[in-house]
Amino acid sequence: MSPAHAGRAFLAILLRELLRFVQQRERFFAALVRPLVWLLVFAAGFRATLGLSIIPPYETYITYDVYVVPGLIGLIQLFNGMQNSLSMVYDREMGSMRVLLATPLPRGFLLIARMLSGTAVSIIQVYAFLAIAALCGTEVPPEGLLPLLPVLIVTGLALSALGMFLSSRIRQLENFAGVMNFLIFPMFFMSSALYPLWRVREGSVLLYEFCRFNPFTYMVELVRSALYLQFNATALAVVVATLLVFGTAALIGYTPARGGPAAGRPGGG
Amino acid sequence: MDAAANSRESTVKPPTEPAAPVLRVQNLSYAYGKYKALDAVSLELRPGRVTALLGPNGAGKTTLFSLITGLFDSRQGDIEIVGHAIRRARSRALAQLGIVFQAQTLDLDLSVEQNLRYFAALRGLPGKEARQRITALLDEIGLAEKRKAKVRTLSGGQRRRVEIARALLDQPALLLLDEPSIGLDIATRRWLIEHVHRLAEQEGIAILMATHLVDEVMPEDELIVLDEGRVIARGQVDDVVRQSGADNLDEAFTRLTSKSGKAKPGAQP
């Protein structure tokens, strides 16, 4: 595979994901509505009742809607990672993944390209969400928007890797909904997305420990730090480790012989 | 290839050395757990010839295609495409290959042109060359006016034509067609069979077409009959019919596959 071929193929995979995203308007709106409901309904309700003390990286008292923005960014990327995973299972079931994998490109390259293109879509969703949040009166630090970009690439890739790992383990599309229910909501709620961990510990030490071992907590904290121009080395280390573990497991475990037309079972033809 | 087949080759092309095989499969076996889907299959395909791979449902045709395209791995047996072993030189081998899978695999939300450009990029075709090939191929399959149409709006037959064009984008030496006529009307089936033979004759492509429909096999085709994962007959159509003691291919196919108890002349009304 020459560098020119690799570049052309990567751009094609990226462009295809972006085209599909733009053309599936419902998907775009659904991706935005979900965090906006949390921000404009849930957070607005809690804003009056929940006070937050000054905790890093914030240098002053903040309102609850400002606190949940990094968590909702994480939620967008989490859902997008799972959407990619669903899309890969669907593509495998429908057979279009077989067309991709039967091209003269290394399988690892194709899977990484899919992860990167999914991450690119999630980044567009995040910035669209931040723009709407700012328009609705939530304070979004403009100086943090650029440093946020590399962080979103790493967190997006880690969640895409998790999604791809799941898609490598799921045999059929029907099994997907169950896995999602047992993954997305526990990951989101057992993290620092909606409440600071010191508050969680006050309520339940056990839950606090779950939150501490949840990689999504560190993704949210990495985003929070970047937005306020701070560097959280621990969070970055955990996110990168998550990316490497699930990325490697997905690349090793992904096989077209699992699921798909006539794949992994006799009787195809 | 066995002795009978070799002697037939020598009668078909006596004046010259037979062309080097485009596809060589030797002693290939594959099992899904304890179920042996392919058992020591060997075959060779030469340029400019159509080979019909005839077998009832579950004979192992799709498994064979999955192995030739590198989607499945088998440690038992060898596959070479234009001299490149799929196990050792996967990219070079697949660069010579075009495939139309049994399930339709176009992206429904993209246009005909977007689908073809996506695939051209995956094959490494530069933009200008890709555009020229797409124009030529769409003219050839009679769908030039559908260039900008979303695939979702095309009929099943039109989608199949686009898939054939997609498989030919990179001018492959070997074209695999896995039951390409399933779900197509009679006129489209006729067009497809004629087009496939035209491709072999005019462009010298070696074509392996899996089917369970005996009326899709032309008298001039090479024929390989696969049943329960084994090659049970091979040769030119007349030879296979004569050797089976039958009067026609329909009857020969029934006789040859009757041992498994699931044969089924596949003549489609």
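Start by selecting domain 1 and domain 2 of chain B: their centres, taken over C-alpha atoms, are 26 Å apart. Domain 1 covers 3–96 + 172–260 and domain 2 covers 103–166, with bounds that come from an automatic or database domain assignment. You are looking at a predicted model, in which local features need pLDDT of at least 70, side-chain atom pairs count only at pLDDT 80 or more, and totals for chains, interfaces and linings use all residues. Residues are numbered from 1 along each chain as its sequence is written, while chains are lettered from A and ligands numbered from 1 in the order in which they are written.

**Next stop: the sheet**

Colour the strands β6, β7, β8, β3, β9 and β10 of chain B; in that order, these six form an open sheet with mixed pairing. Strands here are DSSP runs (E, at least two residues), as are helices (H or I, at least four), numbered from the N terminus. Two strands pair if DSSP finds at least two bridges between them.

Zoom in on β7 (174–178) and β8 (206–211) of chain B, which run parallel and are joined by five bridges. B:Leu174 is found opposite B:Ala206 in β8(B).

Now show α2(B), which packs on the sheet and touches β3 (50–54), β7, β8 and β9 (222–227) of chain B. Contact means that C-beta atoms, placed from the backbone, lie within 7 Å. The direction of α2(B) makes about 145 degrees with that of β7(B); axes are lines fitted to C-alpha atoms, for helices over the stretch in contact, and angles run from 0 to 180 degrees between N-to-C directions.

**Last stop: where the chains meet**

How many residues of chain B are in contact with chain A? Select 33 in chain B, which meet 33 residues of chain A. On chain B, the elements giving two or more residues to this side are β2 (35–45), α2 (61–68), α3 (90–94) and α4 (112–122).

Finish in chain A with A:Ala161, which touches A:Met115, A:Leu243, A:Phe246, A:Gly247 and A:Ala250, leaving aside residues up to four places away in sequence.

Note on methods. Two residues are in contact if their C-beta atoms, placed from the backbone, lie within 7 Å.
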